[in-house]
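This briefing covers one protein chain, shown below. Please keep the sequence and the structure at hand while reading.

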Amino acid sequence: MEKLISIIVPIYNVGQYLDQCVQSLSSQTYQNLEILLIDDGATDNSPEICDRWAEKDARIRVIHKANGGLSDARNVGIRESKGDYVTLIDGDDWLDEQTCELALKGALEQNADIVMWPYVREFPNESKPKHLFDSDRLFERDEVKNGLARRMAGVLDNELRNPAEADSIVMACAKLYRGSILRDHGLSFVDQKIIGTHEDGLFNLEAFCFADRVLYINQYWYHYRKAIPGQLTRTYRKDLYDQYQTLISMLESKGKALEIRDIDVAIRNRVCLSMIVLSRNICRAPFPFRKKVELIREILRNPRYAEGLREIPIGGMQPHWRAFFFCCKHSMAAMVAVLAEITLHL
């Protein structure tokens with residue numbers, strides 16, 4: 001196991017958590033690493049912490065750059081990486097110490113292009129594992145492309161049961177990628193300013209399409225720091241609807257170009273499920289309730305949304321989501337607003 005693993009860490013104002021993150025990387029039982037700390041123009045003490053770690057561990061390389069956002073920092077890391085395998089971790093998260101050793105062991109034993117594993121959401125007072133699959137599993141080419149990669153665009157059938165879990169597998173962290181897949185195909189993350197959200201899913205749509213084998217290891221090695229439940233940001237993003245339409249177009253274009261099976265239905269379902277994100281966003285707006293209802297009604301009247309909502313199966317969904325999408329299907333905009341506000345805290 002002499003393969004080099006590149007660990008890419010985008011960093012912006014996470015000084016209070018950064019030592020824990022980098023310590024978890026420096027202490028990995030697998031030693032042949034390059035640790036790329038990408039300082040994305042941080043204005044706290046993160047740059048100094050990065051430099052201090054680089055003095056302590058020769059495997060750590062710090063790149064200081066002007067602020068460009070998470071996607072730009074990750075892209076810099078990918079371009080600078082030299083590893084046979086690449087993994088990403090956010091600067092306020094951390095890994096178990098055997099993560100690299102066991103993920104690489106699985107990749108080599110199974111000749112896997114991507115290894116993925118579940119993660120633990122770390123709240124201030126509790127830890128909540130995020131379930132992905134029931135057991136270890138090796139996905140071969142057809143299932144990788146038309147199952148996993150397709151799921152990055154949208155879910156089908158039983159995957160619709162809990163729409164809040166539809167994107168549980170899309171995160172770019174908690175994965176080990178063969179470096180050549182990322183670099184040879186020039187894969188990069190799209191800025192959230194363009195697509196609003198789901199940059200990980202768009203990235204992985206392509207990455208998984210270029211992979212022949214994907215290994216899932218059912219071990220919770222990645223620790224994803226979360227805020228206190230219920231204390232959600234109240235920031236209204238006025239451009240989110242337009243950004244989401246750009247995202248849908250890009251997913252559709254890439255999915256069709258890569259000839260992913262059932263991509264049309266997956267995208268249709270993605271459009272429908274976006275009602276959760278969009279209506280929640282509207283609920284955060286500093287508008288009177290009547291104005292929020294008008295904005296939701298405009299979306300429901302959009303032909304693409306109206307047609308998709310007529311087709312999406314909701315019978316197997318959990319009860320609160322079945323109620324939400326029943327109201328969407330029947331253009332009950334006021335009830336959609338009420339239920340969106342309620343589901344903000346689920």
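Q243 has a relative accessibility of 13% and therefore counts as buried, where buried means under 20% relative accessible area, exposed over 50% and partly exposed in between, with a 1.4 Å probe and protein chains only. The structure is a predicted model, in which local features need pLDDT of at least 70, side-chain atom pairs count only at pLDDT 80 or more, and totals for chains, interfaces and linings use all residues. Residues are numbered from 1 along each chain as its sequence is written, and side-chain values use heavy atoms, with hydrogens and water left out.

**Confidence**

- The protein chain has a mean pLDDT of 95, and 97% of its residues reach 70 or more; pLDDT is the predictor's confidence in each residue, from 0 to 100.
- Residues 228–232 have a pLDDT below 50, and beyond near neighbours in sequence this stretch has 6 contacts in the model. A contact here means heavy atoms within 4.5 Å.

**Surroundings of Q243**

- Q243 is part of helix α9, residues 240–257. Helices (H or I, at least four residues) and strands (E, at least two) are DSSP runs, numbered from the N terminus.
- Neighbours within four places in sequence aside, Q243 is in contact with Q192, K193, I194, I195, G196 and R237.

**The eight-stranded sheet**

- An open sheet of 8 strands has the order β3-β2-β1-β4-β10-β6-β11-β9, with mixed pairing. Two strands pair if DSSP finds at least two bridges between them.
- At the edges are β3 (60–65) and β9 (137–139), each of which pairs on one side only.
- On average, neighbouring strands of this sheet are turned by 20 degrees against each other, direction ignored. Axes are lines fitted to C-alpha atoms, for helices over the stretch in contact, and angles run from 0 to 180 degrees between N-to-C directions.
- β4 (residues 85–88) is paired with β1 in the parallel sense over 4 bridges, and with β10 (residues 175–178) in the antiparallel sense over 3 bridges.
- Y85 in β4 stands opposite I5, and also opposite R178 in β10.
- Helix α2 (residues 46–56) lies across β1, β2 and β3 and runs at about 155 degrees to β3.

**Strand β1 and its crossover**

- In β1 (residues 5–11), 7 of the 7 residues are buried.
- I5, I7, V9 and I11 point one way from β1, while S6, I8 and P10 point the other way; all are buried.
- β1 and β2 (residues 33–40) run parallel and are joined by 7 bridges. P10 stands opposite I38 of β2.
- From β1 the chain crosses through helix α1 (residues 15–26) to β2, and this β-α-β crossover is right-handed. Right-handed means that, with the strands pointing away from the viewer, the path from the first strand over the helix to the second runs clockwise.

**The four-stranded sheet**

- Another open sheet has 4 strands in the order β5-β12-β7-β8, with mixed pairing.
- β5 (94–95) and β8 (126–130) are at its edges with a single partner strand each, so one side of each has no neighbour in the sheet.
- β5 pairs with β12 (residues 222–225) in the antiparallel sense over 2 bridges, and W94 has H223 of β12 as its bridge partner.

**Cysteines**

- The disulfide count is 0, a disulfide being a pair of cysteine sulfur atoms within 2.5 Å.
- C21 is in no disulfide, and the nearest cysteine sulfur, that of C50, is 9.3 Å away. For C50, the closest cysteine sulfur is in C21, and the 9.3 Å between them is too far for a bond.
- C21 counts as buried at 0% relative accessibility, and C50 is buried with a relative accessible area of 0%.

- Helix α14 (residues 333–343) has A333, V336, A337, L339, A340 and T343 as its buried residues.
- An α-helix has 3.6 residues a turn, so residues three or four places apart point the same way.
- The cover over the buried residues of α14 includes α10 (263–283), α11 (289–301) and α13 (319–329).
- P286 sits in the loop between α10 and α11, and P286 is exposed, with a relative accessible area of 72%.
- P286 and L37 are 249 residues apart along the chain, and their C-alpha atoms are separated by 38 Å.
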